[in-house]
Amino acid sequence: MTATSQIHILGVRHHGPGSARAVTRALAELRPDLILVEGPPEADDLVPLAASRDLVPPVALLVYTDEPQLRSAAADTTGGPQIRSAFWPFAVFSPEWQAIRYAVDNHIPLRFCDLPAAYRFGMAELELDGLRVDPIAELAAVAGYDDAERWWEDIIEHRRDGVPPFAAIAEAMAAVRATVQRTQTTPAADTVQPEPETGRPVVTDEVREAYMRSVLRAACKEGYRVIAVVCGAWHVPALTDPMPPAAQDAALLGRLPKKIPVTATWVPWTHGRLASWRGYGAGVASPGWYHHLFTTPDRVVERWLVQVAELLRDEDLPVSTAHVIEAVRLAEALATLRGRPLPGLAEMTEATRAVLCEGDETRLKLVFERLVVGEQLGRVPEETPSVPLMRDLAAAQRRLRLKPEAQVRELNLDLREQTDLARSRLLHRLRLLGVTWGTPIQSRRGRGTFRETWRLEWRPKYTVDLIAASAYGTTVASAATRKAREAADQASDLAEITSLVESCLMADLPEALGPVLTALRDRMAVDVDVVRLMDSLPALARTLRYGDVRGTDTTALTDVVTGMAVRITVGLPPALTNLDDTAAAAMCQRVEAVQAALNLVADIVPVRDRWLDMLAGLADRSDLHGLVVGRINRLLHDDRWLDSPTVERRMARILTVGVPPAHAVAWIEGFLSGSGLLLVHDEKLLSLVDGWLTAVPPDTFIKVLPLLRRAFATFTAPERRLIGERIRRGSGPRLDSDAEEKLDSERVAWVLPTLTAILDEATSPTPTPDGVTSSAEVA
């Protein structure tokens, strides 16, 4: 160091509001002409962007390896691009952020002084940055505190005067480090230690601090008179005199591995991510509370509890002014009893639980998620460096008015509207790239051909996912196309390719659809398992039916679905033999799903009649599992392929004395599963079941009782009640199967116009709460 340079080391705790306040005051008093901040030097050129009003914390510095390369299949069976990345997050209450803001506001140069990421990416990281002890816990124990967080908050974070405590922190950390050096064996200060498992050099505190000292020495040689260093409190003793000789640090740094090309940028961050983050700046479990401590000028307790009350009132929960007053009193009383200078989060939480939430943990959880952690999402300016893929996504988000937000929200889309259709395609393309910003969900409004509902939640990690996906293309569409084609080449089973077909159609990727359909045909040609074909057909049928809604050409898919349906029809009978109870239940679900799929595309794929003829040939076989045969009869009856008299005769035969009770119960379960309305409206079938049941011997009845309960458990409570009432009455009005033939056509003609108007009104578009018109239900 030169004698003309004044060096001031400001030891802080990352993301501490008290530390941030102290740094702000110290910098104003010191008026340095250079500020050094613990962080990646690759981000030095990004500091001026902090002057932009559009760079709003929480944000993070992202450093990642340049030009992500596609992994080779031989080296990595998972495929996809491979990059290394690291984040340095900042909130408004982070001391480092306040130092950055002071520098840009006062036109003072600021540099980052930690070990460059270009070295670190080639080295192994130790947990907790190489620390073997928690210095705060050590100091809290000496002070008589059993809670390290509470001790640190009491002496640092809850301080409102902003008086810099840096001299005391430096002295305390020096004592802790001296104790650690006496009690633990540490690596030699002049060597770069290898990791035992991989042999890679390890990032240790000695290496990092040697680099920090080299930056500090270089700044002194450049002639800066007053230098302020903002770093983690643990590093303060290593940056103050007496320091190791410069030659010793140079020798240590000379053994570092070769630098890896990297790029740095600003990315948005969230309070939720800050709470769960591991690595640099970890340890903030309550960012929303810390944000309140830093930004609230006075009456911290009262203003916090008023926010809690407002949140609960917004959820239609009764919270009065008296509740708030009582909660304030309780929090302050608890702090006094515990000897705290100010109620901390623990006292606030207990007061909130007892008074405002009235002991309800569900309400308290809401307060924790919305306020204690918070849903704040940062923002970066448009001129921030980014890869072309991210710029293309940002442009699409602006064009489609899809703002990325940290909080979860639902988005209802009407696919007849071009803007909503484009939104759907964008979200599907991002899912193909592994960016699950949107998740399709079942709408509470019901299902409809033109309707789609998404749950949106933006997470900071998607930035890294997009950087990785940039190896596939420069736009979302081109990257998704290449990713889909690669996934089709690497798919190991039919289900994966089927899902890809559906994704390509939903995402409108015609250049990917052709190769994916070719892969599907090739897989079908060699796949002899009818079960896998049955599992794949429903998704393809949905895609084929609803593809025209999206304006997608599904001609090629029609041939694929037709061929698959024919193969299933031919291969199903052998697949139904020798099934146990579990396999029979699964097969029933598959048969029902295939039937629904073929009904859905009956006017496009001419296989339905052939399928029903095949089922009719199986419906009276005694060598198949009763559950399967019963279900087949029910499906044929519902599709009017079997009339009621035929079904009644078959049920009567099944319920005879010669048929084992277990087989009969399985047949009944398969036939009645899912709905008991058939028994409610068909008195003859009900009497057959009732008569058979009363004739079952007592010892046999005990054996089949669990099976009977399982069969009837699928009925709704009203269905069970109606069945019981009919049995209790013993008789009742029976629906006439010939009632349809006795309708008066002239009287029916009077009703039809009104009925048509009612149905037209029920299927007309209705506005959604967010102003987007959603389509009506399509039966």
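User: Where is Pro 242 in the chain?
Analyst: Pro 242 is in the loop between β10 and α8. Those labels are DSSP runs numbered from the N terminus: helices are H or I with at least four residues, strands are E with at least two. Residues are numbered from 1 along each chain as its sequence is written. By the way, this is a predicted model: local features need pLDDT of at least 70, side-chain atom pairs count only at pLDDT 80 or more, totals for chains, interfaces and linings use all residues, and side-chain values use heavy atoms, leaving out hydrogens and water.

User: Is the peptide bond from Asp 241 to Pro 242 cis or trans?
Analyst: That bond is cis, and omega is near 0°. Pro 57 and Pro 58 are also joined by a cis peptide bond, with omega of about 10°. Pro 58 lies in the loop between β2 and β3 (59-65).

User: Ok, new topic. What order do the four strands of the open sheet come in?
Analyst: The order is β1-β10-β2-β7, with parallel pairing. Strands count as paired if DSSP finds at least two bridges between them. β1 (6-12) and β7 (110-112) each have a single partner strand, so one side of each has no neighbour in the sheet. On average, neighbouring strands are turned by 20° against each other, direction ignored.

User: Which helices pack on it?
Analyst: Helix α1 (residues 17-30) touches β1, β2 and β10 (226-232), and its direction makes about 170° with that of β1. Helix α7 (residues 205-221) touches β1, β2 and β10 too, with about 170° between its direction and that of β10. Contact here means heavy atoms within 4.5 Å. The angles run from 0 to 180 degrees between N-to-C directions, using axes fitted to C-alpha atoms, for helices over the stretch in contact.

User: And how many salt bridges are there in the whole structure?
Analyst: The search finds 36, where a salt bridge is a side-chain nitrogen of Lys or Arg within 4 Å of a carboxyl oxygen of Asp or Glu. In one of them, Asp 114 meets Arg 208 at 2.7 Å, N to O. Asp 114 sits in the loop between β7 and α3 (117-120) and Arg 208 in helix α7, 94 residues apart.

User: Are Asp 114 and Arg 208 buried or exposed?
Analyst: Both are buried. Buried means under 20% relative accessible area, exposed over 50%, and partly exposed in between (1.4 Å probe, protein chains only).

User: What about the bridge between Arg 650 and Asp 620?
Analyst: The closest N and O atoms of Arg 650 and Asp 620 are 4.0 Å apart. Arg 650 is in helix α26 (residues 644-654) and Asp 620 in the loop between α24 (608-618) and α25 (626-638), so the pair ties together parts 30 residues apart in sequence. Arg 650 is buried, at 13% relative accessible area, while Asp 620 is partly exposed, at 46%.

User: Last one: where is Arg 401, and what is its phi?
Analyst: Arg 401 lies in the loop between α15 (388-400) and β12 (409-414). Its phi is positive, about 55°, although Arg 401 is not a glycine. With a relative accessible area of 59%, Arg 401 is exposed.
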